[in-house]
Amino acid sequence: MSAGVLAVGCVTSVGEDVAEVIAALKAGKTGMKDAPKGYPDPQLAQVPGPDLKLWLKRKKDARLLSRACQLALPAAGRAMAAFAGDPETLGLYVAVGREPPDADDASLAIVAMERDGQLDLERLATRGRELYPPLLPLRTLPNMILAHVSIQHGIRGENGTYTGGWSAGKQAVMAAIRAVDEGRVAFALAGGAHSNIDPFSAGDRWRVAAIERSFGRTDSEDPRYCPGEGAIFALIGPGGVPVDWESPLTEAWLQGCGDCGPVVGLAPLLAAGAHLGGPFAQA
Amino acid sequence: MNNEEQGGLSGRRRVVVTGMGMVTPLGLSVEETWAALLRMECGIGPIRRFDPSGFPVAFAAEVALRGEGAELKRELTTWALREAVAGLGAAGLPSGPRVGVCLGSEAARPPLSWMSEPPEAHPSLLADLAPDAPTRQVAEAVGAEGPRSTVSTACTSSSQAIGEAMLRIRRGEVDVMVAGGVDVLSEPLMVIGFSRLGALSTRNHDPEHASRPFDRDRDGFVLGEGAGILILEEEEHARARGAPILAELAGYGCSCNAWRITDSPPDGRGPAQAMFAALADAGLAPEAIGYINAHGTSTQQNDLSESRAIATVFGPNTVPVSSTKGHIGHLVAACGAVEAIFCVLALRDGLLPAGRNLDNVDPECPINPIRGEPLARPIRYALTNAFGFGGSNGSLILGSLQ
């Protein structure tokens, strides 16, 4: 392969500068905090902020952003910070998890649909219809991170959005590396973002645990499990630093930043970023 | 002018289509759907999956299978896969590490009853709701041990999945890929959600005439459901084992609009870039394309943007164009696969499907539409478009192997 990592940007619960994040993870620092009362897991690793004013061309677009999009924009922005090429020929490859609805939005519709503890179709067609947020579908489509990042940076080249758990991150980066290597794009932005701490994801975990218990198993009830959120993006180009997919940072990430779905598989990009000594040092 | 005459592609592994399966609102197989399409039938009608009383839109393009949500997605995928594999005849579908799967799919929606029932009532549902569930199901069903991936770019998903599968074969990672897509959209929350966005046709009084791509009086798209599966294979591999060769998958291109979340750029810039990229990938000049199966959703903005893009790439009012969404509605994550299969059939039969409900071609759409009845015309290459919410565009070029 004649392509590798040229720059890395991240947003994590232990910091947002690549070198600092690696140092924190290696030192055993953690972004895990005690969860609020009533939360299904004992701890969660939440990212403070981010301040989107720095990363949005149009402030009104903030209402369109899911939590994962909010995390993706700063990470992608940092990876793109020193890019001076033509974004129109840039590729964009993004790994995503299941995109839950914003809890406040969804609860309105759900409450409106409820009758005697059951979801009711007639209620949905009447009260729920009016309360259903018109922008909700746009916040929950998996490719919205790709959409917002491409709009923000004017990226118009080849692209893809990948789903498939932890492996999706690696798929996105490898798709970018191959696209550069094969000359289909000159440069590519690749990475992923996910938030796993919302009530819907917690509800899914509760369901898995309940199902397992009904089969006499408790595999998913590991008390060390911590949901997290974060984003990592890398600028891929000719001649950059190779990605060491065996990097121990994956394990360190899990211990420091919790389970962030496809972002966990992207932790090795941080190591590549640290080797660069600054954006484009190897380019 | 074909890709050999153009030169520059020699030595590249060629990718061919050896199997096809589909389930659509027009039929439960490729031939059933194709025959109905050529008869100008319509698969759009009143919603039967749930009681749509009081809903703003009460019609959709539903398939003739029972079920809902993830269970229906599994059924559609299985059905299409079974037909695609059966079409391989005695050659069968190989298994093992040189066979991969790449499907376009979105997350399934849980049934409304789900949240008020105990989790033990649906032990496999959580895993089946994931966007990559159909990919996993297909890989397990056929014993594919090679790469698996799932592309989730809304309406462009299966077009990009087929393109990515083609690239994996070309670069020698695998010899065979099962590619395509599946989606189920005739669901209460989808109807409400897309209605609130103002994207759906509201012709409740006349569902059969609701989806009218490129027509002056179009008012939105029609939610559909279905699945399309293609078996893609390296040409020499297919020949050596006696698999039927139905067409060549000659080119793939994709792009981002970087414009707006729901709108296509009015000048068609992003879609044009995808078509140019597909032509370059296939080594073809625009005049080599004999038919375009347009994305043609029947929304004002898509049809305007796409027709201008087609005019940019091919010239105004030149290549015969139709959108088959007038017959089958919008299958979203499955549309790219189903419409790629229509292109293979058009190449095979020399019959180009006509657009339905195209009573008054929008004068703002500078295309050469096929309407009224299918156009009998042998062609060598066909191009199919898929453009999605969020601005992802995908174009595929299918060719006959002469």
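This is a short exchange about a predicted model of two chains and the contact between them.

Colleague: What should I know about the numbering and the cut-offs?

Modeller: Residues are numbered from 1 along each chain as its sequence is written, and chains are lettered from A, ligands numbered from 1, in the order in which they are written. Local features need pLDDT of at least 70, side-chain atom pairs count only at pLDDT 80 or more, totals for chains, interfaces and linings use all residues, and side-chain values use heavy atoms, with hydrogens and water left out.

Colleague: How many residues does the contact take from chain A and from chain B?

Modeller: Contact means heavy atoms within 4.5 Å. By that rule 48 residues come from chain A and 54 residues from chain B.

Colleague: What area do chain A and chain B bury between them?

Modeller: Buried area is the accessible area (1.4 Å probe) that two parts lose on being put together, summed over both. Here that is about 4,700 Å², with 62% of it on carbon and sulfur atoms. In chain A, the residues that lose the most area to chain B are A:Leu121, A:Arg156 and A:Arg207, together 16% of what that side buries.

Colleague: Why is the meeting of B:Arg171 and A:Glu182 called a salt bridge?

Modeller: The term needs a side-chain nitrogen of Lys or Arg within 4 Å of a carboxyl oxygen of Asp or Glu. The N to O distance for B:Arg171 and A:Glu182 is 2.6 Å, so the pair meets the definition. Between chain A and chain B the count is three salt bridges.

Colleague: What makes E7(A) and strand E5 of chain B a pair?

Modeller: Strands (E, at least two residues) and helices (H or I, at least four) are DSSP runs, numbered from the N terminus. Two strands pair if DSSP finds at least two bridges between them. Two bridges join E7(A) to E5(B), residues 148-151, so they pair, and they run antiparallel. A:Thr163 has B:Thr150 as its bridge partner in E5(B).

Colleague: What is the mean pLDDT of chain A?

Modeller: pLDDT is the predictor's confidence in each residue, from 0 to 100. The mean for chain A is 87, and 93% of its residues reach 70 or more. Over residues 278-283 of chain A, however, the pLDDT is below 50. Where pLDDT is low, the predicted coordinates should not be read in detail.

Colleague: Which peptide bond is cis, and where is A:Pro50?

Modeller: The bond from A:Gly49 to A:Pro50 is cis, with omega near -5 degrees. A:Pro50 lies in the loop between strand E3 (43-45) and helix H2 (67-80) of chain A.
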